[in-house]
Amino acid sequence: MSIRDKPCTQDIRLHEVFGVPVTDLYTQAADPNASAAVTRALELRSFLALAEEQVARICGRVHEAMEPERDMDELSAADLRMDTQWLEAALSARDGYRAALDDLLHTMPPLHVQARPTRFARQTVTTTLPPASAAPAPAHVGAVRSRRR
């Protein structure tokens with residue numbers, strides 16, 4: 001399964017901020033002229049989706065090990081300790097990616113401002129040449145001085 005197909009808790013928020021579904025954002029990010037904000041947001045979203053998948057897998061493994069129908073002789077404290085360490089690491093990663101994505105999305109301008117490109121007024125400079133009857137400049141104007149040795 002592609003990372004763009006994995007669900008993420010921030011997909012709705014990304015849709016709200018950028019105005020298009022996440023799958024369309026991945027298409028935009030493939031464009032060489034994609035904005036840095038879209039690219040960074042999707043990188044963080046991809047890392048977050050993987051971390052959330054890890055959390056779900058570990059939780060599933062712990063729940064399976066703790067099922068009431070399970071034989072108590074199969075229960076391993078060492079395995080549960082290892083799962084606890086993995087869960088702590090996965091939750092820490094998820095929290096870090098969520099915080100980074102949240103910070104990035106907070107710095108984004110509102111959608112109605114993003115959609116309009118900034119336009120600058122063109123300034124033109126006009127000059128006129130001196131009349132042909134103007135006297136030539138003196139010979140010493142613009143002359144380069146020679147260096148003395």
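Predicted model: local features only at pLDDT ≥ 70, side-chain atom pairs only at ≥ 80, totals over all residues.
1. **Helix α1, read the same way.** In α1, the buried residues are Asp11, Leu14, Val17 and Phe18. Seen down the axis of α1, they fall within an arc of 125°, so here too the buried residues line one face of the helix. Ile12 and Glu16 are exposed on the other side of α1.

2. **The overall layout.** The protein has five helices and zero strands, and from the N terminus on its elements run α-α-α-α-α. There are 149 residues, of which 19% count as buried. Among contacts with a separation of 6 or more, 68% are between residues 24 or more positions apart. The accessible surface comes to about 12,000 Å², and 56% of that belongs to carbon and sulfur atoms.

3. **The nonpolar core.** In soluble globular proteins, nonpolar side chains tend to be buried together. In this model, the largest nonpolar core has 18 residues. Leu14, Phe18, Leu101 and Leu105 have the most contacts inside this core.

4. Side chains of opposite charge can pair when their charged atoms come close. Across the whole structure, a search finds eight salt bridges. One is formed by Asp11 and Arg45, whose closest N and O atoms are 2.8 Å apart. Why does this pair tie together separate parts of the chain? Asp11 lies in helix α1 and Arg45 in helix α3, so the bridge joins parts that are 34 residues apart in sequence. Are the two partners buried or exposed? Both Asp11 and Arg45 are buried.

5. **Two salt bridges with partly exposed partners.** Arg70 pairs with Glu64, with 4.0 Å between the closest N and O atoms. Arg70 has 31% relative accessibility and counts as partly exposed; Glu64, at 47%, also counts as partly exposed. Another salt bridge joins the side chains of Asp95 and Arg94, at 3.1 Å from N to O. Asp95 is partly exposed at 43% relative accessibility, and Arg94 is partly exposed at 23%.

6. **A network, and a look at Arg57.** Lys6, Glu53 and Arg57 are linked in a network of salt bridges. Arg57 lies in helix α3. Is Arg57 buried or exposed? Its relative accessible area is 56%, and the threshold for exposed is over 50%, so Arg57 counts as exposed. Arg57 can also be placed relative to Leu87: the two are 30 residues apart in sequence, while their C-alpha atoms are 9.3 Å apart in space.

7. **A nonpolar patch on the surface.** Some nonpolar side chains are found on the outside as well: Met66, Met72 and Leu75 form a nonpolar patch on the surface. Together these three residues have about 330 Å² of accessible area. For Met72, the place to look is the loop between α3 and α4. Met72 counts as exposed, at 68% relative accessibility.

Notes. Residues numbered from 1 in each chain as written. Heavy atoms only, no water. Core = buried A, V, L, I, M, F, W, Y, C linked by side-chain atoms within 4.5 Å. Buried < 20%, exposed > 50% of the residue type's maximum accessible area, 1.4 Å probe, protein only. Helix = DSSP H or I, 4+ residues; strand = E, 2+ residues; numbered from the N terminus. Contact = heavy atoms within 4.5 Å. Areas by Shrake-Rupley, 256 points an atom, 1.4 Å probe, with all protein chains shown as cover. Patch = residues over 30% accessible without salt bridge, like charges linked within 9 Å, V, L, I, M, F, W, Y side chains within 5 Å. Arc of directions from axis to C-beta.
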